[in-house]
Amino acid sequence: NGPYLLSTANLCLALMKLEEDISLIIGILSSIATSVNINRSTSTNCPGNCKCLRNEIRCRSVPVTPLTFQEGVKRIIFEESLLCSDESVFRILEEADRKEIEVIGVCLKASSTQPNQLTDIINRRSTLFKTNNGKNQLNMSPIRQERATFNGPSVYGFNEKASYSSNCSFDLNTCGWRQLKNIDMFDWSRKSRQLLDTSYGPQNDHTQGPSGFGGFMVADTDDKMYGFFGDYLSPPLVLPHGVIYFQLTFYYYLIGDTNAALSVFITYPRDSVSLVHIATIRPNNTEKWQKFTYKAYPIFSDYRVIIRGVAGIKKSAIAIDDISITPIEFACYTGNGKYYTGSATQTLSGLTCQKWSSQFPHQHNFKPSLYPDADLTLNFCRNPFGSRSRPWCFTTASNVTWEYCSIPTCKPPFNQTTSHFFGIQYPLQIVSRIHRNPNVGLVALYHNGGWSTICNDGISQLAIQAICSQVTSTRKGAITKAQFQGVGTIWLRSSNIKNCSNPALDLSLCSVGPFTSMSKCPNSNLWLDCSNDISPTIEANQTNDVSLSLTNGKFSFQGFITVNNNSVVSGICVQNWNFKAADVACRQMGEGLCGWQSSGALTWTTSALSGHYDPANYGSAPGFYIYLVMRAGTPVGTTALTSPKMLKLYGGNTYVSLQLYLIDVYSGELSIQNVFEPKTMFYFHKYMHPISLQRNWTQITTDLIHRRDIK
């Protein structure tokens, strides 16, 4: 037995150096050498319902006797769900956090919702308890002051590390959710059963029910005017590369006036001030917590979620609880893989997974009927509630109970670089009540990490024109009466917006500043009415000097089209806008190649010569195309037509479609590929001598399955 013991010991040391899960190591060693005697106990004081191993402690439930963490312990695992309102649980969590010991387990809650992770509690331990007459209770002090004391570089958390997921029960704090000011009218407040000051609305939170002391968020709609709204912003979120969806789930309590509402939006603050509407919920006078679930497909990987409460005409109650925003992972996993819902069925060693609904060959408690939210489907790899460090499964091998699965980790997304937050130098919004004219309202400017109002101490018409053009695309505007005021520091006086160009299409064409710091505006905050733009009527026989230009684009060939018609500047209505109209506009602005770049031995030329066949068949109007001509003496070489850079849609494919016209091609090659993936060829065809093709257009379509951005 000597060599056998030596071999086993070497295996143990090798695996420990790889920092693999110690429980898996012990399971492997037990299966190959049951006669090896390894001293697993680190303490003679190990509680009876626990196993104290060399690097970890496994407990079936909360130990009856005090639990002591010996030197070298790195992890404690609770196999059964715990009653997390028990103070003894928090004592263990406090001690584990003090000694930097990982805690794995889930909470058994009073309601039938998905259990909280113990790590969620230990990460928020500092606000957990306060003493009241010698009795511990959850600290639910009002948090309205957090809005005023927000000390991050931006309310949007631009410099914070974005997370793949966000889960919050609001029992301990707001988990990074934050208030927006000056672009809404009221706030959200955290409440609990003990702190409710009214009988109207929820009498307890959804997480722990009537017997608990959990928290939830309430929209402060009392005494608010109809159409006033309060926005609640999520922490910074990001989707990993290869994941294209996320799932939003929360519980809401919504009763009262049917004009009140709860709306949900996605916003991309690195790219635009716009909000993408997801859903709006109206009161149905069901006086209980109800569930909302939505699968969303963000167009950018970096995003935030906004939940908006809207005040009605009469009394209403709006509350939310147990918000979960999680990536929908099919081909890879993040973190410990608890959000993985793919169809992998094989372990790292090549074993087939046992069905979760089966108790053979291994009996277990992870039954789909007991955990309906864990998606324990067939024999797919899962990590229910993050019980282990990555997706796993029970195996069909009788001598191996479980193993980790062969699934790759998700890669971080590609960096999105923009010259300005919100995609523009001076982000602006016009804030108005819901159901009112959106082009009339309070002007808010993003500066120094948050939204601020502008003090109205006089403003030029060109400056008004610049603001209205940037925010609403109208060309005229006027100061209007203020209906409500903003809060917080005011950074800019309207008189410091000057020297605007004519026409001024946005604030970047003006001299803005210097910025100041005022707590109150002596007059009134700037309110504008940008809705009175009247386009001139053009008679049929009128001679016009019309010029076109592009604005607000990231590149010279992108942006909004601005029309200068006899010195009157306006936009173009998108109704009935089509490819033909875009083609005409691009060519009038000199963008014949629409941002594509020609390079190499030959030059692509734009042509609309009469008598040439038009591939799109626009009728009698001459169409455009681009061509290469190789005449005698032309140098032999390669020429390229390169598109603008386009962002990859995560998980999707890009189709390239074109019409090809060949005349008397004696030899040559045509290929399509992605500049960022030069080794991958998506289309290739070689034309060999002798060949004289028919004079017609041939359709070519290729599907680019790519992992990076496209060019």
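Predicted model: local features only at pLDDT ≥ 70, side-chain atom pairs only at ≥ 80, totals over all residues.
**Figure 1. Overview of the protein chain, with seven helices and 40 strands.** Of the 711 residues in the protein chain, 44% are buried. Among contacts with a separation of 6 or more, 69% are between residues 24 or more positions apart. The chain exposes about 37100 Å², and 51% of this area is supplied by carbon and sulfur atoms.

**Figure 2. The disulfide of Cys-381 and Cys-405.** The two sulfur atoms are 2.0 Å apart. Phe-385 is not a glycine, yet has a positive phi of about 60°. Phe-385 counts as buried because its relative accessibility is 8%, under the 20% limit.

**Figure 3. The disulfide of Cys-455 and Cys-521.** The S to S distance is 2.0 Å. With 65° about the S-S bond, the link of Cys-455 and Cys-521 is right-handed. The pair joins distant parts of the chain, 66 residues apart: Cys-455 belongs to strand β23 (residues 450–456), and Cys-521 to the loop between β27 (511–512) and β28 (524–525). Cys-455 has 0% relative accessibility and therefore counts as buried. Cys-521, at 9%, counts as buried too. Lys-520 lies in the loop between β27 and β28. At 67% relative accessibility, Lys-520 counts as exposed. The C-alpha atoms of Lys-520 and Gly-488 are 8.1 Å apart in space, while the two residues are 32 residues apart in sequence.

**Figure 4. The disulfide of Cys-168 and Cys-175.** The sulfur atoms of this pair are 2.1 Å apart. The angle about the S-S bond is 70°, and the link of Cys-168 and Cys-175 is right-handed. Cys-168 and Cys-175 are both buried. The model has nine disulfides in total.

**Figure 5. Two cis peptide bonds, each ending in a proline.** Most peptide bonds are trans. The bond joining Asn-502 and Pro-503 is cis, with omega about 5°. Pro-503 is in the loop between β26 (497–498) and β27. The bond from Gly-513 to Pro-514 is also cis, with omega near 10°. Pro-514 is placed in the loop between β27 and β28.

**Figure 6. The positive phi of Asn-285.** Most residues other than glycine have a negative phi. Asn-285, although not a glycine, has a phi of about 55°. Asn-285 lies in the loop between β15 (275–281) and β16 (290–296). Asn-285 counts as exposed because its relative accessibility is 54%, over the 50% limit.

**Figure 7. The largest nonpolar core, of 59 residues.** Tyr-156, Phe-250, Leu-262 and Ile-320 touch the most other members of this core. Beyond four places away in sequence, Leu-262 touches residues including Trp-188, Phe-250, Tyr-252, Ile-281, Ile-307, Ile-318 and Ile-320. Another core, of 22 residues, lies apart from the largest one; Leu-428, Ile-454, Ile-459 and Ala-466 are among its residues.

Figure 8. Leu-548 and Ile-561 are 13 residues apart along the chain, and their C-alpha atoms are separated by 6.6 Å. Leaving out residues up to four places away in sequence, Leu-548 touches Ile-561, Thr-562, Val-563, Ala-585, Gln-588 and Met-589.

**Figure 9. A nonpolar patch on the surface, formed by Ile-572, Val-574 and Trp-577.** Together, Ile-572, Val-574 and Trp-577 have about 290 Å² of accessible area. Trp-577 is in the loop between β32 (568–570) and α7 (579–588). At 36% relative accessibility, Trp-577 counts as partly exposed.

Methods: Residues numbered from 1 in each chain as written. Heavy atoms only, no water. Patch = residues over 30% accessible without salt bridge, like charges linked within 9 Å, V, L, I, M, F, W, Y side chains within 5 Å. Areas by Shrake-Rupley, 256 points an atom, 1.4 Å probe, with all protein chains shown as cover. Salt bridge = Lys/Arg side-chain N within 4 Å of Asp/Glu carboxyl O. Helix = DSSP H or I, 4+ residues; strand = E, 2+ residues; numbered from the N terminus. Buried < 20%, exposed > 50% of the residue type's maximum accessible area, 1.4 Å probe, protein only. Disulfide = S-S within 2.5 Å. Contact = heavy atoms within 4.5 Å. Core = buried A, V, L, I, M, F, W, Y, C linked by side-chain atoms within 4.5 Å.
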